[in-house]
Amino acid sequence: MMDKVNRKAYDARRPFKGKAFRSLCYAPYTSLYFDMSGDVRVCCHNIKYPVGNILTTSIDEIWSGARIKILRESLKKYEYGPGCDFCYFQTAEGIVDNLAIDRFDYFDVPNEAPEWPQQIEFSVSNSCNLECVMCSGRFSSAIRAHREKLPAMPRLYSDEILESFRKYLPHLSQAKFLGGEPFLVNEYLRIWDMMIEDDLHIPCHVTTNGTQYNQRIERILEQVPMAIAVSLDGVTRETVESIRVNANFDEVMRNAKRFRAYTGFMHTYFTLTFCLMKQNWHEFGDYCLMADAWDCPVYVNTVLYPPELGVYTASPEDLRKILAGLEAQVPKYESALRQNKAIWFGELNRIRAKCRGEKSREEARLSIDYTNEDEALAPVEFGSLGALARAEE
């Protein structure tokens with residue numbers, strides 16, 4: 001359970017307008033996440049406790065089922081529900097900045113038994129052209145084929161299953177499309193076609209690696225309003241291309257600018273995401289400065305796997321070196337950063353907290369398995385709908 005001190009600080013920064021009650025997290029009241037194995041969760045992080053599987057159970061049964069009710073009841077009591085280990089990790093030291101949990105606060109929750117999910121997150125395919133160093137074949141078909149030498153993953157989301165989403169689409173406040181690389185996923189093309197066929201203008205959010213832009217994508221963008229998040233893990237060619245293997249820095253930057261221009265024209269929103277790692281932490285501040293210049297927010301992906309790459313899974317000695325390096329940058333970013341100042345200093349504060357003591361509370365109690373790629377590679381880009389809500393406040 002979240003203690004009283006942390007709860008007070010946590011709730012003080014949250015928007016409760018439109019909520020019939022308070023809850024530690026509103027994910028099970030608002031959202032469903034569909035993964036590549038057919039498992040259905042309430043968010044990308046809760047891998048240990050799926051609330052159903054679309055291959056054996058209908059969406060109706062999942063949304064009103066016993067497993068999702070258990071999560072709702074736990075979280076309403078400010079108890080971390082089954083499988084909520086990642087959010088315990090993020091809040092264990094009392095740091096309440098840059099939380100993944102924030103993104104569910106920006107939906108209205110009029111009662112405890114919602115009829116429809118307001119958000120569906122799709123992560124149903126590993127189709128991807130990149131071989132990022134922090135990724136695996138489960139999330140990249142290129143890695144699976146070239147690095148792991150394994151056969152392609154089976155296509156589990158049949159036409160019939162995809163069609164079952166049709167009745168839910170009109171009730172969504174947002175649909176999110178993750179990868180793989182979403183613009184290479186055939187299942188997403190079918191879902192977007194459904195939206196076009198039914199004349200739906202559902203706000204969509206796509207997290208892309210920025211390598212894809214062609215006439216087919218332009219046709220979709222013209223008919224489906226999309227917010228775009230470009231995953232870009234540095235500001236220099238050397239850093240980006242060493243992390244995002246097969247990416248061309250110039251091409252990605254060119255496409256990122258196209259997507260940014262599109263979101264301005266469509267009055268949606270554009271964001272940049274950053275996988276914070278040992279090999280790029282030194283560029284995080286300049287990355288935030290670039291985002292300031294582009295007038296867009298930054299979201300941080302917490303890399304836990306492979307553990308040798310992550311900042312928060314670094315050895316105590318390495319973590320202290322990273323902290324010392326960031327502390328040396330404080331004068332520069334204290335004065336230079338604007339829109340993304342809180343993001344940079346939020347991660348600095350979390351690293352400071354991690355460095356305090358030889359055994360912190362999250363190290364003592366956290367049950368995340370850093371060697372479990374399914375759990376540790378869950379996409380951690382957060383706050384997308386919240387960014388829009390905050391911008392409008």
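Which helix gives the most to the lining of the second largest cavity? That comes down to α5, with three residues. The model is a predicted one, in which local features need pLDDT of at least 70, side-chain atom pairs count only at pLDDT 80 or more, and totals for chains, interfaces and linings use all residues. Residues are numbered from 1 along each chain as its sequence is written, and side-chain values use heavy atoms, with hydrogens and water left out.

Back to the cavities. The structure holds five of 30 Å³ or more, a cavity being a set of points on a 1 Å grid over the protein atoms alone where a 1.4 Å probe fits but cannot get out. Grid points are joined across faces, edges and corners, and a volume is the space filled by probe spheres set on the points. Helices here are DSSP runs of H or I with at least four residues, strands are E runs of at least two, and numbering goes from the N terminus.

Helix α2 also holds T30. T30 counts as buried because its relative accessibility is 0%; buried means under 20% relative accessible area, exposed over 50% and partly exposed in between, with a 1.4 Å probe and protein chains only. Neighbours within four places in sequence aside, T30 is in contact (heavy atoms within 4.5 Å) with W63, F104, F107, V109, P117, Q118 and Q119.

Q119 leads on to the sheet. Nine strands make up an open, mixed sheet in the order β3-β2-β1-β4-β5-β6-β7-β8-β9. β3 (52–53) and β9 (298–302) each have a single partner strand, so one side of each is left without a neighbour in the sheet. Strands count as paired if DSSP finds at least two bridges between them. β4 (residues 119–122) pairs in the parallel sense with β1 (residues 31–34) over four bridges, and Y33 stands opposite E121. β4 also runs parallel to β5 (residues 174–177), again over four bridges, with Q119 opposite Q174. Within β4, Q119 and E121 point one way and I120 and F122 the other, and all are buried. Further along, five bridges join the parallel strands β6 (residues 204–208) and β7 (residues 226–231), T208 being partnered with V230.

What about the packing? The largest nonpolar core has 117 residues, and F34, F177, W192, M195, M226, I228 and W344 touch the most other members. Such a core is a set of buried Ala, Val, Leu, Ile, Met, Phe, Trp, Tyr and Cys residues joined through side-chain atoms within 4.5 Å. Beyond its neighbours within four places in sequence, F34 is in contact with residues including I120, E121 and F122. W344 is among the buried residues of α14.

The peptide bond from G179 to G180 is cis, with omega near 0 degrees, and G180 lies between β5 and α8 (186–197). Another cis bond joins Y305 and P306, with omega about -10 degrees. H267 has a positive phi, near 60 degrees, and is exposed, with a relative accessible area of 70%.

Notes: 1 Å grid on protein atoms, 1.4 Å probe; cavity = no way out; pocket = protein on both sides within 12 Å on 5 of 7 lines; lining within 4 Å.
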